[in-house]
Amino acid sequence: MAKPQWSEAFSVGDVEVDAQHRMLFELLGTLMELAAKPDATRRELTEAVHGLTTYARVHFDTEEELWMVRAPQHYVGHRRKHEAFRARAAELERDLEAGQPIDPLMLAAELQAWVVQHLMVEDQLLKPGAA
Ligand SMILES: [Fe+2]
């Protein structure tokens, strides 16, 4: 699985949100690398997932403020998408901490698919003039 690469094409035209999106890609890259390592421990994996989901939660709060300013008509719908991620992230973290059997590559792929689709497609309506 290739590491996701952020590019200027995905900028939403806000310095803070763009910086946070870059950081999410970095954290995702770290998780992808770890998931591909046969000797990665469950603790390392749990910490990488926790790092990504914790940062995502903080980022959603910042981004939702921008949605209110730039595209309030999409605020509620977009917030629901963030809520769905928060709920799924909590479930994955519970499973990891409870010692449930997990496939690290499947776990990383699921998080990557959501983050990449969300940032590269859904968040693009945040660009000035896009909504
Ligand atoms: Fe978003």
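Predicted model: local features only at pLDDT ≥ 70, side-chain atom pairs only at ≥ 80, totals over all residues.
**Conventions.** I number residues from 1 along each chain as its sequence is written.

**Confidence.** I looked up pLDDT, the predictor's confidence in each residue, from 0 to 100. The chain has a mean of 93, and 99% of its residues reach 70 or more.

**Helix pair H1 and H2.** I read an angle of about 165 degrees, with the axes 10 Å apart; axes are lines fitted to C-alpha atoms over the stretch in contact, and angles run from 0 to 180 degrees between N-to-C directions. H1 is therefore roughly antiparallel to H2 (angles over 145 degrees). The contact (C-beta atoms, placed from the backbone, within 7 Å) includes Leu24, Leu28 and Leu31 of H1 and Leu52, Tyr55 and His59 of H2.

**Nonpolar core.** I define such a core as buried Ala, Val, Leu, Ile, Met, Phe, Trp, Tyr and Cys residues joined through C-beta atoms within 7 Å; buried means 20 or more other C-beta atoms within 10 Å of a residue's own. The largest one has 15 residues, and Leu24, Leu28, Leu31, Leu52 and Leu111 have the most contacts inside it. Helices H1 (15–36), H2 (42–70) and H4 (104–120) each supply at least two of its residues, and H1 gives the most, with 7. I then followed Leu111: leaving aside residues up to four places away in sequence, Leu111 touches Leu28, Leu31 and Leu52.

Note on methods. Buried ≥ 20, exposed ≤ 12 C-beta atoms within 10 Å, placed from the backbone. Helix = DSSP H or I, 4+ residues; strand = E, 2+ residues; numbered from the N terminus. Contact = placed C-beta atoms within 7 Å. Parallel < 35°, antiparallel > 145°, perpendicular 65-115°, else oblique.
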